[in-house]
Amino acid sequence: MTIYRATYLHTPANPFEADQALNIQEDGGLLVQNGRIVQSGPYADLRAAHPAEPVEDLRGGLLLPGFVDTHVHFPQVRIIGGLGVPLLDWLDRYALPEEAKFGDDAYAAAVAREFVAGLTRSGTTTALVFGSHFASAVDVLFQEASRVGLRTVAGQVVSDRMLRPELHTTPERAYQEGRALIEKWHGTGRNLYAVTPRFSLSASEGILESCAALMNEFPDVRFTSHINENLKEIETVRELFPESRDYLDTYERAGLILRRSVLAHNVHPSERELGAMAAHGCTAAHCPCSNAALGSGLFPLKRHLKAGVPVSLGSDVGGGTGFSLLKEGLQAYFMQQLLGADGEPLSPAHLLYLCTRAGAQALGLEGEIGDFSVGKAFDAVLFRPPVGSTLHTVLQHAHTPERALASLFASGTQSDVESVWIAGEGIYSRSPAPEAAPL
Ligand code: GUN
Ligand code: ZN
């Protein structure tokens, strides 16, 4: 057993519903045994109860539950920063040419290392990942995630039209390859499978039916896709599915909208779609940096909350601008500020909740991760900025841990992550800055 001594903050309750949702221990202790939290509270109490257990002293920073990124694309690491074009042009110009390279396993393996390292170094301990259109590249991703120990919910991306021929499959092949991947990886170690049609624009009814067949055969696998991101995309989907009431209906009619479904973006939903998502308990993964970068629009968080739709956060790398969920939290905050009276004011507690417990709930993992309640796995990230950095100074002068949390969201980056644990296992530790190398 180990006692972790730290200033820790977490949201065991939902701050969008409860007033006192943010739990703060300024000099707290978490007793961890076999990767699980077995006792928590003031450090002095834990010490008195367990005088002989070793103590890991993490004071001087903020210890938070590991972040949960509910929308991120594995094959897009190397194209982050394709700024200046809207979604459909961005796909043609940046994303799809890069994704076509993943038929090569060696290429996929190199990017898988960059991808998993990018997530863990940013404090993300669980991710819902859009895999590759190539089944073998998805296998490579799961192998790398297993090697590192990242909690990964991922799937093969399937499409059969309007992308480029190398990325197209057929309903039969999508079913066969998906089934093989599910049998190999769903529930293996920390991995879970997510059935993943890219979006209705690139998925015929036949492909969506093959996705539903997998979901019916394996009732515990997750589902993810995109929805209502860009006006031109929405118009094209309307033309492609004349029978459907709206974008959501294209998935709903196929039986793909369930409690375990996560739909990325939903920047332009109708009231009917919001009501149906709420009724199914399906989550919207909000990706604010991507929405701003691609000019997709301002996410109507207030309408989601009013309708009762769960909302989580995603980095949407590479439409997004990097792996840090701190930055997504800040951008979500900005976006709501810019919406004025239509915006939902976000406190540090809301931002922390969106980065942690909201994601755990989206993935049906709230019994295992998302906060520091007794019984949960010890998935955690220690933000302790380097001495001499601006954030280090700011945190030293923060009057309360809540103010420190706000400062962390305002100016924290990947370089402020000192250590990351998953199920009590240290999976990342910051090393001293290396010499700058030429690009
Ligand atoms: N819609 C379909 N594919 C994508 C993608 O790769 N990124 C984003 N942001 N939206 C999409
Ligand atoms: Zn996406």
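Predicted model: local features only at pLDDT ≥ 70, side-chain atom pairs only at ≥ 80, totals over all residues.
1. R179 lies in helix 5. Its C-alpha is 9.7 Å from that of A213, although R179 and A213 are 34 residues apart in sequence.

2. G206 belongs to helix 6 and is partly exposed, because 13 other C-beta atoms lie within 10 Å of its own. The C-alpha atoms of G206 and E172 are 9.0 Å apart, with the two residues 34 places apart in sequence.

3. Helix 6 (residues 205-217) consists of 13 residues and spans 18 Å from its first C-alpha to its last, close to the 18 Å expected at 1.5 Å a residue. Its buried residues are I207, L208, S210, C211, L214 and M215. These residues lie on the same side of helix 6, because they cover an arc of only 160 degrees around the axis. The face turned away from the buried side carries N216 and E217, which are exposed. Among the elements that cover the buried residues of helix 6 are strand 9 (157-158), helix 5 (171-185), strand 10 (191-197), strand 11 (222-227) and helix 8 (247-252).

4. The division of the chain should be noted next. Domain 1 comprises 2-65 + 370-429, and domain 2 comprises 67-362. The centres of domain 1 and domain 2, taken over C-alpha atoms, are separated by 29 Å. Contacts between the domains involve 29 residues of domain 1 and 27 residues of domain 2. On the side of domain 1 that touches domain 2, two or more residues come from each of strand 1, strand 5 (62-65), helix 16 (401-411), strand 16 (417-422) and strand 17 (425-429). Helix 16 makes the greatest contribution to that side, giving six residues.

5. The largest nonpolar core contains 134 residues, and those with the most contacts inside it are L63, V129, L141, A194, C211 and L352. At least three residues of this core come from each of domain 1 and domain 2. In soluble globular proteins, nonpolar side chains tend to be buried together.

6. Q33 has R36 of strand 3 as its bridge partner.

7. The hairpin of strand 2 and strand 3 has two residues between the strands, and N34 takes a positive phi near 50 degrees there. N34 is not a glycine. With 10 other C-beta atoms within 10 Å, N34 is exposed.

8. Strand 16 and strand 17 run antiparallel and are joined by four bridges, with I422 having E425 in strand 17 as its bridge partner. This hairpin has two residues between the strands, and A423 takes a positive phi near 50 degrees.

9. N266 also has a positive phi, near 50 degrees, and is a residue other than glycine. N266 is found in the loop between strand 12 (261-265) and helix 9 (271-280). N266 is buried, because 27 other C-beta atoms lie within 10 Å of its own.

10. Two further backbone features flank helix 12. A cis peptide bond, with omega about 0 degrees, joins V317 and G318; G318 is placed in the loop between strand 14 (311-313) and helix 12. Helix 12 is followed by G340, whose phi is positive, near 60 degrees.

11. Helix 12 (residues 325-338) itself has 14 residues and reaches 20 Å from first C-alpha to last, close to the 20 Å expected at 1.5 Å a residue. The helix is mostly covered, with 11 of its 14 residues buried. Among the buried residues of helix 12 are K327, E328, Q331 and Q336, together with L325, L326 and L330.

Technical notes: Residues numbered from 1 in each chain as written. Chains lettered and ligands numbered in written order. Pairing = 2+ DSSP bridges. Expected span 1.5 Å × (residues − 1). Buried ≥ 20, exposed ≤ 12 C-beta atoms within 10 Å, placed from the backbone. Arc of directions from axis to C-beta. Contact = placed C-beta atoms within 7 Å. Core = buried A, V, L, I, M, F, W, Y, C linked by C-beta atoms within 7 Å. Domains from an automatic or database assignment.
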